[in-house]
Amino acid sequence: MSPKLAVEDIRKTFFKAEKNDIVGIPVLDGVSLSVSQGEFVSVIGPSGCGKSTLLRIIDGLIQPDQGRVLVDGAVVTRPGPDRAVVFQYFGLYPWRSVLRNVEFGLELKGVPAKQRREVALANIARVGLKGFENHFPHELSGGMRQRVGFARALSLDPQIILMDEPFSSVDEQTRELLQEQLLELWSATGKTIFFITHSIDEAVYMADRVVVMGARPGRIVEEIAVDLPRPRSGGVRAQPRFGEIRTYAWEILKKGIQESSELTAVQ
Amino acid sequence: MTAIDDNPLQAERARIRRAKIDRLLIVAVTLVGFLTLWEIAGRLSNPLFFAPVSDVLREFWLGLLDPRARLLKGFLETLAVLVPGFAIASVLGVALGVLMGRSNIGYQILDPYVTIFYNTPRVALIPLLLLWIGVGDLLKIVIVVLAAIFPVSVNTMVGVRDVSAQFTEPARAMNATEGQLLWKVILPATFPFIVAGLKLGLGRALTTVIVAEFFVSVSGLGGILHATSSSYQMAKMFAPVIILAAMGILIDGFLTYQERSVLRRYRS
């Protein structure tokens, strides 16, 4: 079966001004990856390893210097309706109500008002925010705001949902609730999810496969299959297998961080 | 110990109520004091140079009742310049600001001229414009536009440049066109800056319309101001001043209200 999403040898260098000159900073150095239909893939890596850049290249918000991204075999050149992004910073518009935020993507697509309202209301209910349709983002907690972000992504009915550390700005308890909710939504909708996180625990708990990236310039150092049973709930964390995978992922991540700091030290 | 002290909620309510009454009292006492001083000063001074507040209010009232409706006519004449002038300045100012904020080429081309215009007293251009356009309402409207447009455009530009990627990125990820990005993201995000620019522009427009009515062709409230002061009718002179002040306060109040009701959401 051909992959849903294929990332082929992506390279990207950013430029930074420095003393009347510019320096190139390689961010991604040959990243290749494939994700199957309906798969949940987590990506972890040290800060600055280019995880977020990779996500933006997959969405088409940033163009790679080399390599390409394929969705169902078609090359990605710009954001498209088959992909939706959930941002760490939620990405809501403070001047729009919950309902109008969720409708926003459909509004941009030119979906008629009545139809987009129906879709938005259904998805607001699905993420458990029924009754908050007319609230504004500043009236909601961080966890609720991110659920608005889910509802907005789901309203677009994408095939792939790209999530950029979606839970890192909410508190610990809320985070676990959101994780469970996301897993439920995922199994109910069968979407393909590309999930970036800096939490190893979260990566292992959520995913079918954990992709570990090494420090700058970012590249994939290991892919770990997570053979924990589904459906998962908080109890999975108590299983010995969970601990083993978690420890293994940490060993690899640590090695990547140490290598990069040695590199920096030599430089 | 009183009953109120036993109930902290009631004590707090009473405290807030007292503070409110105190505030009103301070305003009232100051106002009465100010009006009394004005009255005394007016009665003591030469009527050619100043008038007591009672005469001012009486003349204002008579002006409102005036069968020839000179005050009303003047007010409408002033509005006929101010409204189109300020409207044109607002629309063009926002458009100019967006152009300079969104496009680097637009910025590089326009910025030097906007800077020069913004820092030139626009009144200095009146003689030149007089030659070009001739005496009339059109000239006055042009002068008002020139006075009000730059604060609006400079504020809008700053606001547009300030729009966070956290607003533009989600829209781009949802495939927004450039037009959608402008109307649905950039402009709403810039709204607080635009309102601040409009308030500044309004102040300038009000000042300038009066100056234009003094110098270009005597009409409107500025014309009445000019006529009454040059014939030393001090009490009458205050009527247009009162109307101008009321206009300024009302429009500014309206903009401030809009600003607040929206800003509440922007803070989070």
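How are H9(B) and H10(B) oriented to each other? Before I answer, please keep in mind that this is a predicted model, in which local features need pLDDT of at least 70 and side-chain atom pairs count only at pLDDT 80 or more, while totals for chains, interfaces and linings use all residues. Residues are numbered from 1 along each chain as its sequence is written, and chains are lettered from A in the order in which they are written, with ligands numbered from 1 in that order.

H9(B) packs with H10(B), residues 220-230, at an angle of about 55°, their axes lying 7 Å apart; the axes are lines fitted to C-alpha atoms, for helices over the stretch in contact, and angles run from 0 to 180 degrees between N-to-C directions. The two helices, H9(B) and H10(B), are therefore oblique to each other, since angles under 35 degrees count as roughly parallel, over 145 as roughly antiparallel, 65 to 115 as roughly perpendicular and the rest as oblique. Helices here are DSSP runs (H or I, at least four residues), numbered from the N terminus.

Turning to the chains, 16 residues of chain B are in contact with 19 residues of chain A, where contact requires C-beta atoms, placed from the backbone, within 7 Å. The elements giving two or more residues to that side of chain B are H8 (165-173), H9 (178-215) and H11 (234-266), and H8(B) gives the most, with six residues.

Finally, in another contact, A:Ile58 touches A:Leu5, A:Val7, A:Val69, A:Val76, A:Leu162 and A:Phe194, not counting residues up to four places away in sequence.

Definitions and conventions: Two residues are in contact if their C-beta atoms, placed from the backbone, lie within 7 Å.
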